[in-house]
Amino acid sequence: MIIKSLNQLQLISNNIAEKISKKDCIFLNGEIGVGKTTLTRMIVNYLQKREGVKQTEVLSPTFNLLYEYQISNFKIMHYDLYRIKNSKELDQLGIFKENESTIKIIEWPDLITDRPKNRLELELKYLKKEDEREIIFKGHGEWKNINEYKLQN
Ligand SMILES: Nc1ncnc2c1ncn2[C@@H]1O[C@H](COP(=O)(O)OP(=O)(O)OP(=O)(O)O)[C@@H](O)[C@H]1O
Ligand SMILES: [Mg+2]
């Protein structure tokens with residue numbers, strides 16, 4: 001899918017956020033600065049608003065590896081694995097150990113080989129124009145039949 005602006009990304013993000021359930025997992029791929037954290041921010045803020053909790057800052061967890069957002073009766077765990085070097089470091093994080101009512105959104109997930117059955121994998125790509133991006137959707141398990149055209153309305 002081609003998106004032409006941040007506004008269009010917001011629409012897609014809102015529609016993705018509506019489909020997320022409490023144990024879901026979203027993997028975000030794509031080059032530095034392409035929009036992975038921006039997409040995460042839109043999803044987190046959308047769900048905060050929907051659930052009637054205060055909208056917070058959503059910063060990049062590049063150095064902290066993880067930021068967490070408690071939203072009513074579920075939690076979003078936002079990881080950035082850019083600085084993780086090997087599978088040993090990855091295992092120490094125990095990303096999938098905590099399973100109850102936690103949504104995981106993971107930037108730079110390449111090192112994760114043991115992936116949850118239900119997951120949405122997105123890849124963002126730069127296009128020629130500054131605010132344009134391509135988003136490639138790969139749904140697995142319950143996300144398998146995701147209709148990307150419906151996400152645009
Ligand atoms: N259509 C668009 N979609 C996403 N981001 C856009 C778009 N147009 C412009 N931008 C801008 O691109 C930047 C994306 O930065 P962001 O931190 O989200 O990237 P990132 O993929 O998380 O980078 P990193 O790999 O360093 O974590 C933001 O400044 C955002 O405003
Ligand atoms: Mg980021």
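**Reading the fold, the core and the ligand shell**

User: What share of the contacts in the protein with a separation of 6 or more comes from residues 24 or more positions apart?
Analyst: This is a predicted model, and the contacts considered here join residues with a separation of 6 or more. Among these contacts, the share that comes from residues 24 or more positions apart is 61%.

User: In what order do helices and strands follow one another along the sequence of the protein?
Analyst: The secondary structure of the protein comes to three helices and seven strands.

User: Why can the protein be called as compact as a globular protein of its length?
Analyst: The C-alpha trace spans about 40 × 35 × 30 Å along its principal axes. For 153 residues the globule rule gives 15 Å, and the protein is as compact as a globular protein of that length because its radius of gyration is close to that value, at 15 Å.

User: Which residue of strand 7 is the bridge partner of Leu-122?
Analyst: Strand 6 (residues 119-126) pairs with strand 2 (residues 25-29) in the parallel sense over four bridges, and there Leu-122 is the bridge partner of Leu-28. Strand 6 also pairs with strand 7 (residues 133-140), in the antiparallel sense over eight bridges, and a hairpin of six residues joins these two strands. On the strand 7 side, the bridge partner of Leu-122 is Phe-137.

User: Which element gives the most residues to the largest nonpolar core?
Analyst: The largest nonpolar core has 26 residues, and those that touch the most other members include Leu-28, Ile-43 and Leu-122. The elements that give two or more residues to this core are helix 1, strand 2, helix 2, strand 4 (74-80), strand 5 (102-107) and strand 6. With five residues, the element that gives the most is helix 2.

User: Leaving aside neighbours within four places in sequence, which residues are in contact with Ile-43?
Analyst: Ile-43 is one of the core residues that touch the most other members. Once the neighbours within four places in sequence are left aside, the residues in contact with Ile-43 are Ser-13, Ile-16, Ala-17 and Ile-105.

User: Which helix supplies the largest share of the shell around ligand 1?
Analyst: Ligand 1 is surrounded by 18 residues, and the closest are Gly-35, Lys-36, Thr-37, Thr-38 and Asp-131. By class, the shell has five nonpolar, eight polar and five charged residues. Helix 1 (6-19) and helix 2 (36-50) each supply at least two residues of the shell, and the largest share, three residues, comes from helix 2.

Note on methods
Residues numbered from 1 in each chain as written. Chains lettered and ligands numbered in written order. Predicted model: local features only at pLDDT ≥ 70, side-chain atom pairs only at ≥ 80, totals over all residues. Rg over C-alpha atoms; globule rule 2.2 N^0.38 Å. Contact = placed C-beta atoms within 7 Å. Pairing = 2+ DSSP bridges. Near = placed C-beta within 6 Å. Nonpolar A, V, L, I, M, F, W, Y, C, P; charged D, E, K, R; others polar. Core = buried A, V, L, I, M, F, W, Y, C linked by C-beta atoms within 7 Å. Buried ≥ 20, exposed ≤ 12 C-beta atoms within 10 Å, placed from the backbone.
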